Amino acid sequence: CGPGGCRGGRTDMALRCAAWLAAGRQPRGPRREGTVRWSSAAKASAVKINEKASREKILTLESMNPQVKAVEYAVRGPIVLKAGEIEKELRKGIKKPFTEVIKANIGDAHAMGQRPITFLRQVVALCTYPNLLDSPSFPEDAKKRARRILQGCGGNSLGSYTASQGINCIREDVASYIERRDGGVPADPDNIYLTTGASDGISAILKILISGGGKSRTGVMIPIPQYPLYSAAISELDAIQVNYYLDEENCWALNVNELRRALNEAKAYCNPKVLCIINPGNPTGQVQSRKCIEDVIHFAWEEKLFLLADEVYQDNVYSEGCQFHSFKKILYEMGPEYYNNVELASFHSTSKGYMGECGYRGGYMEVINLHPEIKGQLVKLLSVRLCPPVSGQAAMDIVVNPPVPGEESYAQFIKEKESVLNNLAKKAKLTEDMFNKIPGVHCNPLQGAMYAFPRIFIPSKAIEEAKAHKMAPDMFYCMKLLEETGICVVPGSGFGQREGTYHFRITILPPVEKLKILLEKVKDFHIKFLEKYA
């Protein structure tokens, strides 16, 4: 701005002048006898622009998409935000009854100290920086896989876009993995879609399934307790959530009679056409028996439901007598009447299992018996996000195409894999046993996955205080636990639970010694909590 005001009517200069005026300051300009001259027109223009700058926002809580506002995701909800605030206070030197926040709210293996699988990281490193292919520090079996992945990338670079469905050779490897896992049940690479973690695939399938309005709006049947991705996606898509309850008294078993109850009641207000299964369970850790899966498939066939099988914890099975059975395998073995008709989408990920590679966001879904025209629509939908992260695709390839006997990396790979899984099994048993020694706490066996979901007794006095704070009782409990011990867990109300019952979800991922200390702290807190509110 010069002494004559904002020259040439330049809006950016006028805005700057408006900001100076609002702050009560004089704009810079050539000095004349120690003063700066402004024309009255320039002043009026600047004030007018400043008034416009302070107008009401277009996007507010009232004007935003109501479906997005309805979304809740407890795993990263209010309690985690509070944990972040406490961490900042600790860094500033504010004294607490603890020295660190332990985030036991999420299944983030590497953040909890689990070491990466060497072979997986070697292949991804080679793909990321191909010059390393000439290095003698990397084994030949890792180089072989890296070269094959790079040949499937445009310009032999991980930095290029891929086909929306994913790199073809990786989809072939996924199909081969499924065939090996399921004892020879055929898998077609054309039915494989690489995804940004399993969540991306689940959201895409739900998006293409949901339609109608009023009583014909799509109903999606989900287990309670459930992983909050499902309720969040259903809210975002404005679908109808149909709850079916797992049987806590029977180790969180799935009962077909409960499925039928939920379905029949839902028909009065929506069109139920999707059935979601999480096996092994999150947050409940149960592993479904073969008989249970057969019953569910028969129910879906009978009621014409589209099946979603969330199988990201398929490597995480710990209890004796329990075994992972894929829905695809059981469906095939039930005969052509089922296998050629039941529509099924199955999901897997790099984030869980023994890998714990959450940050790569690698995953896949296999979708069978999809209508040919819908297949095209699904590819079109996926193409909007161009492609999944290519480094995540590479990581997924190593999950499904690991070293085999006779290859130079096999011994180290198996040693690392078994070490992780054996350690998790040990921690699952430790967690179950320690919780069941605490008065007012009951924990079902942790058959699989990587969480405990104990039921906790909350006295009526604490429930009343929670209501006074406008909190769910288990949220109140978990917030007190965080504030007094630094342990961050997720209240059961974020996953769903039967009325009048209270739980929390805690991961079993911390190292054994740290997990023992954590569980002892929970025990001490719970006993004091009962004494205070009894």
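I take buried to mean under 20% relative accessible area, exposed to mean over 50%, and partly exposed to mean anything in between, with a 1.4 Å probe and protein chains only. The model I am reading is predicted, so I note that local features need pLDDT of at least 70 and side-chain atom pairs count only at pLDDT 80 or more, while totals for chains, interfaces and linings use all residues. Residues are numbered from 1 along each chain as its sequence is written, and side-chain values use heavy atoms, with hydrogens and water left out.

**Entry: Asn 191**

I looked up Asn 191 and found this residue in the loop between α7 (168-181) and β2 (192-196); helices (H or I, at least four residues) and strands (E, at least two) are DSSP runs, numbered from the N terminus. Asn 191 counts as buried because its relative accessibility is 14%. Setting aside the neighbours within four places in sequence, I list Met 365, Glu 366, Val 367, Ile 368 and Lys 375 as in contact with Asn 191, where contact means heavy atoms within 4.5 Å. With Lys 375 there is also a polar contact, side chain to side chain, at 2.9 Å. A polar contact is a pair of N or O atoms within 3.5 Å; within protein, one must be able to donate a hydrogen and the other to accept it, and residues adjacent in sequence count only if both atoms are side-chain atoms.

**Entry: backbone angles**

Most residues other than glycine have a negative phi, and most peptide bonds are trans. Arg 361 counts as partly exposed because its relative accessibility is 29%. Asn 369 also has a positive phi, near 65 degrees, and lies in the loop between β8 and α14 (372-383); its relative accessible area of 28% makes Asn 369 partly exposed.

I then looked up cis peptide bonds, and one joins Ile 224 and Pro 225, with omega about 0 degrees; Pro 225 sits in the loop between β3 (218-224) and α9 (229-236). A cis bond also joins Asn 282 and Pro 283, with omega about 20 degrees, and Pro 283 belongs to the loop between β5 (271-278) and α11 (290-303).

**Entry: a sheet**

I traced an open, antiparallel sheet of 3 strands in the order β10-β14-β13, in which β10 (451-452) and β13 (490-491) are the edge strands, each pairing on one side only. Two strands pair if DSSP finds at least two bridges between them, and 2 bridges join β10 to β14 (residues 504-507). Tyr 451 stands opposite Thr 507 in β14.
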